Amino acid sequence: MDYAFGPKKNWRRWAWNRVVERLSVPPAEALVVYLAGADDFDREVALQKGFKAHNLIAVERDKKALAALRSRGVLCIHGDFLDTLYSWPAHTNVHAVIGDLCCGLDVDLAIKIGRLSLSPALRTGLANTWNFMRGRELSGFNKIFDNDWAIQGLAAEAEMPKSKAREEILHRGKLLVKALAMDMSCIRLRNAGVKMEEPEDVMAALNSHVDVHRQAMRSLCDLTNPIFNSYRSTSGQTFDSVVWKFPNVSNCGANSLPGYYAEKYRPSNQRNVAAILAHRTMRMKGLNS
Ligand SMILES: C[S@@+](CC[C@H](N)C(=O)[O-])C[C@H]1O[C@@H](n2cnc3c(N)ncnc32)[C@H](O)[C@@H]1O
């Protein structure tokens with residue numbers, strides 16, 4: 001894959017700059033977990049911004065790319081990005097995540113990303129970037145938002161005409177934010193006693209409470225400060241991204257972690273992470289290069 005083309009270079013600089021703006025610590029202290037790709041073009045940009053080499057931890061599932069990265073001394077965990085993050089040890093805080101994915105966005109991925117904010121190592125105000133391919137993957141996901149409550153909510157929130165709000169449904173980064181706002185709206189409506197057992201009930205409830213959804217969108221955007229971007233690849237494929245910051249939820253005790261988080265935890269993933277973190281410690285102590 002060619003990741004050295006102009007729009008991608010611009011995107012990379014844009015993404016790291018936006019992450020720096022959302023960090024809760026200076027770049028020199030920030031631990032970053034990212035998808036590097038075999039060439040790790042991100043590294044040069046990150047070092048220029050003040051990040052430290054021993055704090056840049058790549059994740060890679062492709063064995064060839066993994067071997068290329070490790071042969072250059074990159075600290076790289078073998079595994080799936082989200083699964084690795086879900087198994088991150090609680091005692092090592094991650095400050096930023098850059099998920100430059102090659103896939104689209106579906107409901108499961110949206111939920112998995114949203115709930116990352118509750119993972120013990122990631123809930124101290126995580127700056128996070130996601131880049132999705134705009135493909136045919138949605139199979140009905142964006143149809144959920146091609147619905148009056150979502151269009152009216154967005155049009156009112158962003159003070160845009162409804163026709164423009166409808167176009168916005170295609171942007172995968174915005175779709176992620178909308179999906180999590182919808183989750184918040186549903187929680188608020190259920191807490192207010194609105195019954196939502198079937199998917200039709202959810203749509204009906206949201207359609208009759210557009211104001212609740214508008215408030216949820218506003219609170220989420222106030223809390224997370226999202227910013228969006230899109231570019232085209234050399235083959236004409238559109239990629240959409242969002243950079244935002246999850247709220248600091250470090251006050252909620254470990255016992256309040258949802259079962260969802262526990263289900264995603266895998267000891268084998270945690271062992272892979274621990275091995276790379278041990279290498280990182282040795283580098284910090286100057287014991288190897
Ligand atoms: C788009 S490339 C990264 C490009 C790089 N950020 C840049 O700006 O040049 C994504 C890389 O992550 C790997 N990858 C994609 N999805 C992954 C996942 N879910 N888990 C682990 N690795 C993944 C791919 O094999 C590929 O090497």
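In strand S7, tryptophan 130 has valine 242 as its bridge partner, and this pairing belongs to a contact in which strand S5 (residues 127–133) and S7 run antiparallel over 7 bridges. The model described here is a predicted one.

- Strand S2 (residues 56–60) runs parallel to S3 and is joined to it by 3 bridges, with glutamate 60 standing opposite histidine 78 in S3.

**Strand S7 and its neighbour S6**

- Strand S7 (residues 238–245) has 7 of its 8 residues buried, so it is largely enclosed by the rest of the structure.
- S6 and S7 run antiparallel and are joined by 6 bridges, and isoleucine 227 stands opposite valine 243 in S7.

**Helix H11**

- Helix H11 (residues 210–224) has 15 residues, which at 1.5 Å a residue should span 21 Å, and this agrees with the 21 Å between its end C-alpha atoms.
- The buried residues of H11 are Val212, His213, Ala216, Met217 and Leu220.
- Seen down the axis of H11, these buried residues fall within an arc of 140°, so they line one face of the helix.
- As a general point, an α-helix has 3.6 residues a turn, so residues three or four places apart point the same way.

**Helix H9**

- Helix H9 (residues 172–191) has 20 residues and reaches 29 Å from its first C-alpha to its last, which is close to the 28 Å expected at 1.5 Å a residue.
- Among the buried residues of H9 are Arg172, Leu176, Lys178, Met182, Ser185 and Leu189.
- Glycine 193 follows H9 and has a positive phi, near 90°.

**Positive phi in residues other than glycine**

- Aspartate 40 has a positive phi, near 50°, in a residue other than glycine, and is found in the loop between strand S1 (32–34) and helix H2 (42–48).
- Aspartate 40 counts as buried because it has 21 C-beta neighbours inside 10 Å, where the cut-off for a buried residue is 20 or more.
- Asparagine 225 likewise has a positive phi near 50° without being a glycine, and is found just after H11, in the loop between H11 and S6.
- Asparagine 225 is partly exposed, with 13 other C-beta atoms within 10 Å.

**Around the ligand**

- The ligand is surrounded by 18 residues, of which the closest are Tyr3, Leu35, Gly37, Arg61 and Phe81.
- By class, the shell around the ligand is made up of 10 nonpolar, 1 polar and 7 charged residues.

Notes:
Residues numbered from 1 in each chain as written. Predicted model: local features only at pLDDT ≥ 70, side-chain atom pairs only at ≥ 80, totals over all residues. Near = placed C-beta within 6 Å. Nonpolar A, V, L, I, M, F, W, Y, C, P; charged D, E, K, R; others polar. Helix = DSSP H or I, 4+ residues; strand = E, 2+ residues; numbered from the N terminus. Expected span 1.5 Å × (residues − 1). Buried ≥ 20, exposed ≤ 12 C-beta atoms within 10 Å, placed from the backbone. Arc of directions from axis to C-beta. Pairing = 2+ DSSP bridges.
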